[in-house]
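Here is a short briefing to read alongside the model. Please keep the viewer open as you go.

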Amino acid sequence: MEPLQKIMEDLTTKNGTDSHSDGVVCEHCGDLVPPMEVEVLGRTRWVQPVCKCEADIRKEEIVKYQNVQREREVRELFSISDLGERFQSSTFDNFTMRSGAENALKIAQHYSENFDDFGYESILLWGVPGNGKSHLAAAVHNQLREKGKVVVFISMPDLLKKIKATFGKGKTESEEQILKALKICDLLIIDDIGAEKTSEWVEEIIFLIIDNRYRRKKPIMATSNLEPKELSGKIGNRAYDRMLEISQPIENKATSYRRELAKGRRSKFDHLLN
């Protein structure tokens, strides 16, 4: 039996009736869902559709299941995130707002709250070291994870070390596994891109990571202490061109919070110094 014909047979024998009913009341929203008259194989049948809200619930459950399966696959391929204790509790609410960070906070929060609307549009968050870029990136990670998204957060230097560590015998992870995990996650957050030592191998790996995301139309969020124009010399022209095409550079103009804290600590001892 042809597939289409089988579908029609199932519809007429399982879902359709010859008689008209008043419909059913949706158990979720309480609305009356009327039956729908259709013509199948020359016969008029009444089919009872499900309410839109029930269909949406089923669709959401399917998406959640798919995300759980995908996150499990990513975890099996790669330790999914390396936030560390400092950033595990990072949120937009506990971000220390200082002059110059207003736009960076606003855009990072908007990007996180409306992630599905951005498609593969990416963000390059840059500014001087210690001004809160990593906190904002971690806040995006934490909020999206709460929404069921599969997100990987890792610094570029640590990622390269992790890939190099796969070269030894008997390693549980391979370079191929790590690159696959970085390719299939919903969002890849690369912290401190451009801080790595450059070499042909480094440039090739960075290009593979970015190009894999680019070809699959998957977004990247990256932070850097370098201005965008300086990245080319650190990650290679090919990777830089890809990043430039898909990313919106956002400058965090705040000064270094870490330096301000250090300055405050020194002030406690000023009265002891000559």
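How much space lies in the second largest pocket? About 270 Å³, where a volume is the space filled by probe spheres set on grid points joined across faces, edges and corners. This is a predicted model, in which local features need pLDDT of at least 70, side-chain atom pairs count only at pLDDT 80 or more, and totals for chains, interfaces and linings use all residues. Residues are numbered from 1 along each chain as its sequence is written, and side-chain values use heavy atoms, leaving out hydrogens and water.

**The second largest pocket**
- A pocket is an open set of points on a 1 Å grid over the protein atoms alone where a 1.4 Å probe fits, with protein on both sides within 12 Å along at least five of seven lines; lining residues have an atom within 4 Å of a point.
- Of its 17 lining residues, Val 63, Asn 67, Lys 147, Gly 148 and Lys 149 are the closest to the centre.
- Helix α2 (52–77) is one of the elements giving two or more residues to this lining, and α2 gives the most, seven; helices here are DSSP runs of H or I, at least four residues.
- By type, the lining has nine charged, four polar and four nonpolar residues.

**The nonpolar cores**
- A nonpolar core joins buried (under 20% relative accessible area, 1.4 Å probe, protein chains only) Ala, Val, Leu, Ile, Met, Phe, Trp, Tyr and Cys residues through side-chain atoms within 4.5 Å.
- The largest has 32 residues, and Leu 159, Ile 190, Ile 193 and Ile 209 have the most contacts inside it.
- Its largest share, six residues, comes from α8.
- Apart from this core lies another, of 25 residues, including Leu 105 and Met 221.

Terms used
Buried means under 20% relative accessible area, exposed over 50%, partly exposed in between (1.4 Å probe, protein chains only). Ala, Val, Leu, Ile, Met, Phe, Trp, Tyr, Cys and Pro count as nonpolar, Asp, Glu, Lys and Arg as charged, and the others, Gly among them, as polar.
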